[in-house]
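I shall take you through one structure, helix by helix, and then turn to its cores and its aromatic pairs.

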Amino acid sequence: GFPDDLEDKFVRTGTVHFISVSGAHLAIVVGIFFLLCSWIGVIGRSRIGILLVISILYAGITGLDTPVSRALIMLICYFGAEIFNRKPNAINSLALAAIIISLYNPYETFSAGARLSFIAVLFIVVSTPILLRLICKPPPAEKTISDLFPPTLIQRLCQAIKWYLVNGFAVSVVVCVGLSLLTLYYFNIINPIAIIANIILSFLI
């Protein structure tokens with residue numbers, strides 16, 4: 001239902017994924033219900049069971065497009081690891097999602113949505129921690145007097161804002177760089193403004 005000129009602006013600024021149903025939307029829905037469960041005291045496996053049902057229902061409602069299916073399979077792997085007290089592995093769950101989707105519909109591996117979704121997540125998982133280590137300096141080994149006192153509300157708020165901006169910048173950079181060749185191939189666009197636009201829009205959304 002979006003006007004063509006408005007949709008074109010999202011495409012040209014590298015933010016079209018915000019208006020198309022994707023794995024990020026599934027993560028937002030699950031995150032909201034995770035917080036709701038925590039607030040009413042539902043934790044542990046009961047919370048995992050509720051979140052699994054919510055995830056499957058939402059994915060089914062949206063039509064199980066490839067990006068949502070990929071996110072759903074990865075979420076199921078994550079919740080399964082939590083249930084069986086195993087350490088989740090994002091690369092393994094991403095690979096499993098690729099295998100299952102390819103077995104179900106081999107032609108989907110040639111679609112733009114599937115390629116952009118899987119490669120974006122791969123770059124986020126592999127490259128973001130590396131970039132964060134380059135950006136963020138390790139904390140000093142020696143403690144100061146201020147470390148002995150709990151942080152104030154303002155300090156916690158500043159730390160949260162700094163964490164969001166640094167992580168948002170790192171994710172935007174690795175995704176924009178990692179998908180640059182594909183976006184050039186599919187959309188004939190390379191736009192560095194996408195790095196800043198994604199940070200701002202993700203916060204608003």
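Which residues of helix 6 are buried? They are Ala114, Leu116, Ser117, Phe118, Ala120, Val121, Thr128, Leu131 and Leu132. Please keep in mind that we are looking at a predicted model. As a general point, an α-helix has 3.6 residues a turn, so residues three or four places apart point the same way.

Is Ser117 buried or exposed? Its relative accessibility is 9%, and because buried means under 20%, Ser117 counts as buried. Setting aside residues up to four places away in sequence, Ser117 touches Pro67 and Arg70.

Further along, helix 6 has a kink of about 40° at Ser127. The kink lies shortly before a proline, Pro129.

We may now look across to helix 5, where Ala98 lies. Ala98 is partly exposed, at a relative accessible area of 26%. Along the chain, Ala98 and Phe118 are 20 residues apart, and their C-alpha atoms are separated by 7.9 Å.

I turn next to the nonpolar cores. The largest has 13 residues, and those with the most contacts inside it are Leu26, Val30, Leu75 and Phe79. Two or more residues of this core come from each of helix 2 (23-39), helix 3 (44-61) and helix 4 (66-83). What does Phe79 touch, leaving aside its neighbours within four places in sequence? Phe79 is in contact with Val30, Ile48, Leu51, Leu52 and Ser55. There is also a second, separate core of 12 residues, which includes Leu116, Ala120, Leu179 and Ile195.

Ile195 brings us to helix 9. In helix 9, the buried residues are Ala194, Ile195, Ala197, Asn198 and Ile199. These buried residues pack against helix 7 (153-178). The length of helix 9 can be checked as well. This helix holds 12 residues, 193-204, and at 1.5 Å a residue it should span 16 Å. Its end C-alpha atoms are 17 Å apart, which agrees.

How many aromatic pairs are there? The count comes to two. Phe79 is buried, at 5% relative accessibility, whereas Tyr78 is partly exposed, with a relative accessible area of 39%.

The other pair, Tyr185 and Tyr186, is edge-to-face too, with 5.0 Å from centre to centre and 80° between the planes. Here Tyr185 is exposed, with a relative accessible area of 61%, and Tyr186 is partly exposed, at 24%.

Finally, a word on confidence. The mean pLDDT of the chain is 86, and 94% of its residues reach 70 or more. Where is confidence lowest, and where is it highest? It is lowest in helix 9, with a mean of 82, and highest in helix 5, at 94.

Thank you for your attention.

Methods:
Residues numbered from 1 in each chain as written. Predicted model: local features only at pLDDT ≥ 70, side-chain atom pairs only at ≥ 80, totals over all residues. Heavy atoms only, no water. Phe/Tyr/Trp six-rings, centres within 6.5 Å; stacked < 30°, edge-to-face > 60°. Buried < 20%, exposed > 50% of the residue type's maximum accessible area, 1.4 Å probe, protein only. Helix = DSSP H or I, 4+ residues; strand = E, 2+ residues; numbered from the N terminus. Expected span 1.5 Å × (residues − 1). Contact = heavy atoms within 4.5 Å. Core = buried A, V, L, I, M, F, W, Y, C linked by side-chain atoms within 4.5 Å. Bend = angle between axes of the 7 residues up to and from the residue. pLDDT = per-residue confidence, 0-100.
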